[in-house]
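Q: I've got a chain open on my screen and would like to talk it through. Can you help me find my way around?
A: Happy to.

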Amino acid sequence: HPPPVATDKEEQKRLLENRPDQPQNPKVLRIAIIGAPNAGKSTLSNQLLGRKVFPVSKKVHTTRCKARGVITHQDTQLIILDTPGLTNPLKAKRHNLDEAMLTDPWDSMKHADLVLVLVDVSDHWTRNSLSKEVLKCLSQFPHIPSVLVLNKVDILKKKFLLLEIATDLTEGIVNGKKLKVKSAFKQDSSCSAKSSLHITQASPPQNKVPGSPFGQEKNQAQEGSDLDKGSDVGGAGTGEAQEPKHHGPEDLKDTRGWPHFQEIFMLAALRGEEVDTLKRYLLMQAKPGPWEFHSDVLTNQSPQEICDNIIREKILEYLPLEVPYGVTQATEIWEEGECGELLIVQSLLVPRESHKRMLIGRGGKVISRIAREAGQDLMNAFLCDVHLKLKVEVKS
């Protein structure tokens with residue numbers, strides 16, 4: 001079971017500053033998860049960690065800063081660099097975002113050993129091409145191995161479209177091999193719930209990577225897009241992949257996909273489907289090296305940061321349009337009760353009286369729902385009882 005986050009700021013600080021407990025042969029892998037805003041990066045990070053420490057909401061730009069998540073499994077440590085969605089200066093200005101929102105994803109890439117590119121396949125506007133920001137990111141760091149993760153496949157009604165999406169996003173090449181795609185799906189999408197998905201390579205590599213979805217037994221496969229036993233989309237590290245070249249902005253103008261992915265994974269992060277398959281693959285990619293964090297550390301965020309982020313997630317969820325982006329949070333009380341419970345009182349400051357009415361809701365329904373749901377999430381992160389009280393005030 002993943003460790004809880006310390007509720008005491010000093011204790012968490014001490015854990016982060018402590019020398020990591022090194023096993024005999026430590027291995028480590030730093031993973032940057034990049035993608036368009038709202039692709040599901042934080043949801044996937046939380047599922048991989050096994051505890052919710054990153055905020056999640058349907059609104060874009062819920063993740064405002066780069067935070068680390070730490071998975072310690074036996075002698076291996078995975079460090080997840082949860083990054084803000086890749087955006088551009090114009091959108092950053094519109095959503096009142098810090099300068100850091102533009103630089104953080106790039107910063108994370110510099111430190112990564114592996115990059116996961118997350119694509120939301122339920123969004124029919126964007127799913128057949130990688131965003132310009134993602135392509136720019138990949139082309140600036142072509143030496144970092146990358147893996148394509150198709151997310152929200154459970155929402156996709158017509159499962160046979162996964163073949164087309166995978167081909168478009170990889171330009172038909174995975175791990176230096178050309179994909180040969182033949183569909184075993186019936187055209188009738190209602191019948192495709194348990195059809196096979198065959199994606200094979202023209203010349204399959206000799207060594208399969210255990211834990212990769214292509215080349216696995218049927219029962220490991222994603223519900224609704226089973227991957228046949230014989231199907232194989234290259235194992236990373238066959239040594240046959242061509243070295244990706246550094247692309248300039250001009251090269252990317254008409255580019256839709258990236259032909260240098262080592263693997264493709266298909267999953268439903270929200271439901272946790274196939275996340276374990278991806279996790280096993282990541283653990284196998286770790287290289288010998290010292291751990292960076294103590295095994296009791298789950299995240300490098302302070303308990304207050306987790307609390308602020310989770311409350312803000314609920315505000316984003318339940319307030320319309322741009323309203324949530326104007327709310328300021330101030331923690332007034334953070335103390336341990338007699339029975340070990342955590343008491344938190346936070347003021348939410350809004351710019352207008354009308355925003356205050358919206359946030360409180362009729363009969364206090366909205367604010368009490370936010371407090372209840374945020375309290376539940378905090379209990380899950382800290383593994384203790386949490387009493388959360390929220391007050392709403394207009395900024396003076």
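Q: Let's start with Pro259: buried or exposed?
A: Pro259 is buried, because its relative accessible area is 19%. Here buried means under 20% relative accessible area, exposed means over 50%, and partly exposed is in between, using a 1.4 Å probe and protein chains only.

Q: Before I go on, what kind of model is this, and how are residues numbered?
A: It is a predicted model, with residues numbered from 1 along each chain as its sequence is written. Local features need pLDDT of at least 70 and side-chain atom pairs count only at pLDDT 80 or more, while totals for chains, interfaces and linings use all residues; side-chain values use heavy atoms, leaving out hydrogens and water.

Q: Good to know. Where is Pro259 found?
A: In the loop between strand E9 (226-227) and strand E10 (261-266). The helix and strand labels are DSSP runs numbered from the N terminus: helices are H or I with at least four residues, strands are E with at least two.

Q: And what is Pro259 in contact with?
A: Leaving aside neighbours within four places in sequence, Pro259 is in contact with Thr170, Glu171 and Ile173. Contact means heavy atoms within 4.5 Å.

Q: Let me zoom out. How many helices and strands are there in the protein?
A: Ten helices and 14 strands. The protein has 396 residues, and buried residues make up 53% of them.

Q: How much of the contact total comes from residues 24 or more positions apart?
A: They account for 73% of the contacts with a separation of 6 or more.

Q: Switching to charges: how many salt bridges does the count come to?
A: Eleven. The rule is a side-chain nitrogen of Lys or Arg within 4 Å of a carboxyl oxygen of Asp or Glu.

Q: Which residues are linked with Lys52 in a network of salt bridges?
A: Glu313, Lys314 and Asp377 are in that network with Lys52. Lys52 and Glu313 meet through their side chains at 2.9 Å, N to O.

Q: What about Asp377 and Lys52?
A: Those two form a salt bridge as well, with their closest N and O atoms 2.8 Å apart. Asp377 sits in helix H10 (residues 365-382), and this pair links parts of the chain 325 residues apart.

Q: Are Lys52 and Glu313 buried or exposed?
A: Lys52 is buried, with a relative accessible area of 18%, and Glu313 is buried at 4%.

Q: And which residue does Lys391 meet in a salt bridge?
A: Glu332, at 2.9 Å from N to O. Lys391 is in strand E14 (residues 386-394) and Glu332 in strand E12 (residues 328-336), 59 residues apart. Lys391 counts as partly exposed because its relative accessibility is 29%, and Glu332 is also partly exposed, at 44%.

Q: Now the greasy part. Which residues in the largest nonpolar core touch the most other members?
A: Leu44, Leu116, Leu282, Leu378 and Phe382, out of 55 residues. A nonpolar core here is a set of buried Ala, Val, Leu, Ile, Met, Phe, Trp, Tyr and Cys residues joined through side-chain atoms within 4.5 Å.

Q: Which element gives the most to this core?
A: H10, with seven residues. The core also draws at least three residues from each of domain 1 (9-182 + 253-288) and domain 2 (303-394). Those domain bounds come from an automatic or database domain assignment.

Q: Last one: how do H2 and helix H7 pack?
A: Their angle is about 75 degrees, and the axes are 10 Å apart; H7 covers residues 275-285. Axes are lines fitted to C-alpha atoms, for helices over the stretch in contact, and angles run from 0 to 180 degrees between N-to-C directions. H2 and H7 are therefore roughly perpendicular to each other. For the cut-offs, under 35 degrees is roughly parallel, over 145 roughly antiparallel, 65 to 115 roughly perpendicular, and the rest oblique. On the H2 side Leu44, Gln47 and Leu48 meet Val275, Leu278, Lys279 and Leu282 in H7.
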